[in-house]
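The tour below goes from one selection to the next and says what to look for at each stop.

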Amino acid sequence: MTAPVDTERARFNMIEQQIRPWDVLDLDVLALLEQVRREDFVPVAHRALAFVDMQIPLVGETEEALRNGWCMLEPKQEARLLQDVGPKAHEKVLEVGAGSGYMAALLASRAQRVVSLEIEPRLARMARENLQKAGIRNAEVREADGSHGLAAEGPFDVIVLSGSVQEVPHALLQQLKVGGRLGAIVGNEPMMRATFITRTGEASWTTVEPWDTCAPRLAHFPQASRFRF
């Protein structure tokens with residue numbers, strides 16, 4: 001009978017000790033983190049880590065999963081991305097990198113519709129099954145290379161890259177509506193920047209980089225050579 005109590009205590013501690021100190025203060029976001037059961041999006045073998053401040057491997061061996069980015073982002077990263085990109089109830093969202101489906105679940109709880117693109121077949125299946133079990137009907141997971149976005153179904157109000165890129169492709173920025181926002185983690189290790197780009201006109205965008213972090217790479221995004229003579 002103690003498991004549910006322990007789980008709720010761990011969830012409370014995650015929110016109070018990890019997420020609030022990372023300037024996630026939006027009460028709606030904090031309430032959502034209580035409602036969407038993160039543990040249901042974590043593989044059974046790692047469920048004890050559901051509320052720990054770490055990346056959680058999702059498929060394959062742990063080292064392989066972390067090397068290939070087959071993992072959940074840290075809870076504080078997910079919460080801050082959600083808060084700062086600010087999806088609204090009437091908006092359509094594109095996510096690149098479905099992982100286990102948890103971020104899609106959070107986005108879908110705030111937005112009208114979410115399409116999440118995942119290039120790794122095992123993760124696409126996992127995310128789809130997790131969202132179905134959670135009863136989330138307005139999020140769709142597609143097995144696809146998301147590095148070029150989904151122009152045929154754009155433009156989008158919000159685009160979220162659930163992983164890091166060296167730079168945001170212009171093709172994705174073109175898929176934002178005017179007033180739309182893109183959230184991504186941009187740069188190279190050991191320090192990257194959370195980057196939020198708002199489309200302000202047909203050919204204009206504004207960018208803010210409010211916090212430092214680090215995250216695994218998303219597959220197939222442009223990667224400039226770092227070789228130097």
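Is Pro169 buried or exposed? Select Pro169 and show the surface around it: its relative accessibility is 15%, so Pro169 counts as buried, the cut-off for that label being under 20%. Bear in mind during the whole tour that this is a predicted model.

**Stop 1: around Pro169**

Keep Pro169 selected and colour the chain by secondary structure. Pro169 is in the loop that runs between strand E6 (156-165) and helix H7 (170-173).

**Stop 2**

Seven strands make up an open sheet, and their order is E5-E4-E3-E6-E7-E8-E9, with mixed pairing. At the edges are strand E5 (139-143) and E9, each of which pairs on one side only. From one strand to the next, the twist averages 15 degrees.

For a parallel case, select strand E3 (residues 92-96) together with E4; five bridges join them in the parallel sense. To see one of these bridges, pick Leu94, whose partner in E4 is Val115. Five of its six residues are buried, so E4 is largely enclosed by the rest of the structure.

For antiparallel cases, move along to strand E7 (residues 176-188) and strand E8 (residues 191-201), which pair in that sense over eight bridges. The turn from E7 to E8 is a hairpin with two residues between the strands. Go on to E8 and E9: these are also paired in the antiparallel sense, over eight bridges. Here Ile197 has Thr207 in E9 as its bridge partner. E8 and E9 form a hairpin too, again with two residues between them.

**Stop 2**

Show the aromatic side chains. The structure holds three aromatic pairs. For one of them, select Trp22 and Trp211: the ring centres are 5.1 Å apart and the planes stand at 65 degrees, so the pair is edge-to-face, a label used for planes over 60 degrees apart. Trp22 belongs to the loop between helix H1 (2-19) and helix H2 (27-35), while Trp211 belongs to strand E9 (residues 204-213), so this pair ties together parts that are 189 residues apart in sequence. Trp211 is buried, at a relative accessible area of 6%.

**Stop 3: charges over rings**

Next, select Arg38 and Tyr102. The charged end of Arg38 sits over the ring of Tyr102, at 5.3 Å from the ring centre. Then switch to Lys92 and Phe156, where Lys92 lies over the face of the Phe156 ring, 5.0 Å from its centre.

**Stop 4: helix H4 and its neighbours**

Select helix H4 (residues 75-85). How many of the residues of H4 are buried? The count is ten of eleven, which leaves this helix mostly covered. Among the buried residues are Pro75, Ala79, Leu81, Leu82 and Val85, and the list also includes Lys76, Glu78 and Arg80. Step past the end of the helix to Gly86, which follows H4 and has a positive phi, near 60 degrees.

H2 and H4 pack with their axes 10 Å apart, at an angle of about 140 degrees. H2 and H4 are therefore oblique to each other. Their crossing is right-handed.

H4 and H5 pack at about 30 degrees, and 11 Å separates their axes. H4 and H5 are therefore roughly parallel to each other, the term for angles under 35 degrees. The crossing in which H4 passes H5 is right-handed.

How values were computed:
Residues numbered from 1 in each chain as written. Predicted model: local features only at pLDDT ≥ 70, side-chain atom pairs only at ≥ 80, totals over all residues. Heavy atoms only, no water. Phe/Tyr/Trp six-rings, centres within 6.5 Å; stacked < 30°, edge-to-face > 60°. Helix = DSSP H or I, 4+ residues; strand = E, 2+ residues; numbered from the N terminus. Buried < 20%, exposed > 50% of the residue type's maximum accessible area, 1.4 Å probe, protein only. Lys NZ or Arg CZ within 6 Å of the ring centre and 35° of its normal. Pairing = 2+ DSSP bridges. Axes fitted to C-alpha atoms, helices over the stretch in contact; angles between N-to-C directions. Parallel < 35°, antiparallel > 145°, perpendicular 65-115°, else oblique. Left-handed = near helix turned anticlockwise from the far one by under 90°.
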